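Keep the structure open as you read along.

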Amino acid sequence: MSSTSFLHLFPFFLLLTLTLTLTLADDPILQRFQQYLQIDTSHPTPNYHQAADFILSQAKSLSLQSRTIEFVKNKPLILLKWPGKNPNLPSILLNSHTDVVPVEPHKWSHPPFAGEISDGNIFARGSQDMKCVGLQYLESIRNLKASNFEPLRTIYISFIPDEEIGGHDGADRFANSEVFDEMNVGIVLDEGLASPDESYRLFYAERCPMWLVIKAAGAPGHGAKLYDNTAMENLLKSVEIVRRFRAAQFDLVKAGLKEEGEVVSVNMVFLKAGTPSPTGFVMNLQPSEAQAGFDIRVPPIADQASLERRIAEEWAPASRNMTFEFKQKMSVYDKNGRPILTAHDGSNPWWALLEGAIHKANRKFGKPEIFPASTDARYFRLRGVPAIGFSPMANTHILLHDHNEFLNKEEYLKGIEVYESILEAFASFPAETKKDEEAIRDEL
Ligand SMILES: [Zn+2]
């Protein structure tokens, strides 16, 4: 999941990691996870090369083909390949990102880049988001290879940089590259979220960000004068209207009528007004301009066009001397005008295969959801390739981007089994001809 906020790193953290005695688990599977977690790939200075070397060493031990691609210098993307018996069938792509969000180490009970295991819980930044998934892919392949499984379809595994800062130098470039076209990808698996109960969570779409700035203008005036149409008053009317819309959407979630990802979320992120003075603000002047910024997230099942009309007519109407602009606006539609989502009904054979495979591994899953924030999966969906967000973490507090991020080791190990089941199902899924497969894909 993305975050653009960078927290401060503290110098004593360096000292802490250097003096730390690292204890590795006895189980080699857990050891490898710990080793990956110990590589500090946090922004703003992720150690991508060390992570790349580690992934490449794992690929070698698994006899997987590998290549390193730098769409942007010093931001390596590692692409691994397990060739299928029928290379003409669309392939399977297992995607994960190697970067993690920053930490405030003094707020952690365990050092964030050690992978310490305490009470069966593995503590580290990235233990949930999403170094777990990247290595679970590889461990499941290790087990499948040991059992002499041979995939019918080619399996690719990608380790991608920069997801946490928007993915523009990572998944965006990858999904729009010739390399990707040549891979003929039929289905992508990418990250999901932990689930506090026993059911896994599956995501078929995600909300699209619209970062809105509204501006009010009005005649400036003496701070003592009462008059209509000041910039402050115009802006505050809008803020109140937006606040009511926000409350109505939130009420739907609170009443259990909609999931978080199914409503439009609006949160005010800045307010800017006032005339600066050397000591703060001029106190006897009503300013001629005022602004507010909002982070809006729109699910692809919402009517984005009507929301934009609402913004123009109610949130920033010209009748109140207001204007607006989008700092970022992502469409919920692809270039063919279709909502950017992956079918999760009978029309998508991959969805049924995934559910069957999870069942077979004796795990449950909840009803399909829309991811509340953004992930790299959107770049693949934009290309028309079905992508499912799934991180096998049940019975787990959602701690991504939080202090003391951890994953229970049993849950981690169970996830490997689940991916074995999924890969067996996906990689064995036949299709009569490539044409049939493309026809299926076009319908999705
Ligand atoms: Zn993530």
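Which residue takes a positive phi just after helix 7? In this predicted model, that residue is Gly256, with a phi of about 80°.

Helix 7 itself covers residues 231-254, which is 24 residues. From its first C-alpha to its last it reaches 34 Å, close to the 34 Å expected at 1.5 Å a residue. Its buried residues are Ala231, Asn234, Leu235, Ser238 and Val242. Among the elements covering these buried residues are strand 10 (208-217), strand 12 (265-273), strand 16 (289-298), helix 8 (304-315) and strand 17 (322-329).

Now for two helix pairs. Two packed helices are described by the angle between their axes and the distance between the axes.

| Helix pair | Axis distance | Angle |
|---|---|---|
| Helix 2 (28-37) and helix 4 (131-146) | within 10 Å | roughly 140° |
| Helix 9 (349-360) and helix 11 (409-427) | 8 Å | about 140° |

Helix 9 is therefore oblique to helix 11, and passes it in a right-handed crossing. On the helix 9 side, the contact uses Leu353, Leu354, Gly356, Ala357, Ile358 and Lys360. Helix 11 contributes Val418, Ser421, Ile422, Ala425 and Phe426. By class, this contact has 8 nonpolar, 2 polar and 1 charged residues.

Turning to the other pair, helix 2 and helix 4 are oblique to each other, and helix 2 passes helix 4 in a right-handed crossing. Ile29, Arg32, Phe33, Tyr36 and Leu37 of helix 2 meet Lys131, Leu135 and Glu139 of helix 4. This contact has 5 nonpolar and 3 charged residues, with no polar ones.

Methods: Residues are numbered from 1 along each chain as its sequence is written. This is a predicted model: local features need pLDDT of at least 70, side-chain atom pairs count only at pLDDT 80 or more; totals for chains, interfaces and linings use all residues. Axes are lines fitted to C-alpha atoms, for helices over the stretch in contact, and angles run from 0 to 180 degrees between N-to-C directions. Helices (H or I, at least four residues) and strands (E, at least two) are DSSP runs, numbered from the N terminus. Angles under 35 degrees count as roughly parallel, over 145 as roughly antiparallel, 65 to 115 as roughly perpendicular and the rest as oblique. A crossing is left-handed if the near helix is turned anticlockwise from the far one by less than a right angle, and right-handed if clockwise. Two residues are in contact if their C-beta atoms, placed from the backbone, lie within 7 Å. Ala, Val, Leu, Ile, Met, Phe, Trp, Tyr, Cys and Pro count as nonpolar, Asp, Glu, Lys and Arg as charged, and the others, Gly among them, as polar. The expected span of a helix is 1.5 Å times one less than its number of residues. A residue is buried if 20 or more other C-beta atoms lie within 10 Å of its own, exposed if 12 or fewer, and partly exposed in between; C-beta atoms are placed from the backbone.
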